[in-house]
Amino acid sequence: MNLYFRLLLLQLRIRLRPRVAGRRTSLWDEVRTRFRVVPTDLDPLRHVNNGKYLSMLDLGRLDLMLRSGYWAALSEHGWYPVVSAQTITYKRSLTLGQRFELRTHVLGVDDRSVYLEQTFVRGGAVMARAVVQARFLRRSGGTVSTAELLEAAGGADRDLTVPGWVHDWAAATRISSGSA
């Protein structure tokens, strides 16, 4: 299924979804985005292509930002997110017709980035898990500070200290400016 068609379906679902107890989803909540494996998701071995997982990760992050209202705040400021690093680990295959959900939540923030964990789950079993490092850029040029991001979100209702293992991962995946 084309990414844009899934994007359209996602936006329709968000608009039609009632608020839980009259409360909008918080940027700090876990969001669960439901999918079904369709023929265009498959590779020649008849399981979800690794590139499709990455596209679905984009949709999960967008779902979190749309449902929390954060996407509107970003747009108002002229900011947009970019993935600066990501790692995904696959445990089990997803195959044609299977339903699953993508669970997305913010792990924390540091002075450079926002870190998210996204987990593909089917029937309570973890199928794959990704860690994503994102930065936010200005359409006019430059990087948005995490202080500005938190202000636009109205602050945080929990500790956003990045776990040590995430900092180690970020340091290990960083490409130095002197690298060819």
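Which residue forms a salt bridge with Arg103? Keep that question in mind while we look around.

**Before you start.** Residues are numbered from 1 along each chain as its sequence is written, and side-chain values use heavy atoms, with hydrogens and water left out. This is a predicted model, in which local features need pLDDT of at least 70 and side-chain atom pairs count only at pLDDT 80 or more, while totals for chains, interfaces and linings use all residues.

Stop 1: Switch to a cartoon view and find the open sheet of five strands, whose order is 1-3-4-5-2 with antiparallel pairing. Helices (H or I, at least four residues) and strands (E, at least two) are DSSP runs, numbered from the N terminus. Two strands pair if DSSP finds at least two bridges between them. Now select 31-36 and 79-90: these are strand 1 and strand 2, the edge strands, each pairing on one side only. From one strand to the next, the twist averages 25°; axes are lines fitted to C-alpha atoms, for helices over the stretch in contact, and angles run from 0 to 180 degrees between N-to-C directions.

**Stop 2: strands 4 and 5.** Select residues 114-122 (strand 4) and 125-138 (strand 5), which pair in the antiparallel sense over nine bridges. Pick out Val114 and you will find Ala134 of strand 5 opposite.

**Stop 3: two helices on the sheet.** Select residues 70-77, helix 3, which packs on the sheet and touches strand 2 and strand 5. Contact here means heavy atoms within 4.5 Å. Next, select residues 164-173: helix 5 also packs on the sheet, touching strands 2, 3, 4 and 5. The direction of helix 5 makes about 65° with that of strand 5.

**Stop 4: salt bridges.** A salt bridge is a side-chain nitrogen of Lys or Arg within 4 Å of a carboxyl oxygen of Asp or Glu, and the whole structure holds eight. Show the side chains of Arg103 and Glu101: here is the partner we asked about, with the closest N and O atoms 2.7 Å apart. Glu101 counts as buried at 10% relative accessibility, whereas Arg103 is partly exposed at 23%. Buried means under 20% relative accessible area, exposed over 50%, and partly exposed in between (1.4 Å probe, protein chains only).

Then show Glu117 and Arg129, whose side chains meet in a salt bridge (3.8 Å, N to O). This pair links strand 4 to strand 5, with the two residues 12 apart in the chain. To finish, select Glu30, Arg32, Arg34, Glu101 and Arg103 together: salt bridges that share partners join them into one network.
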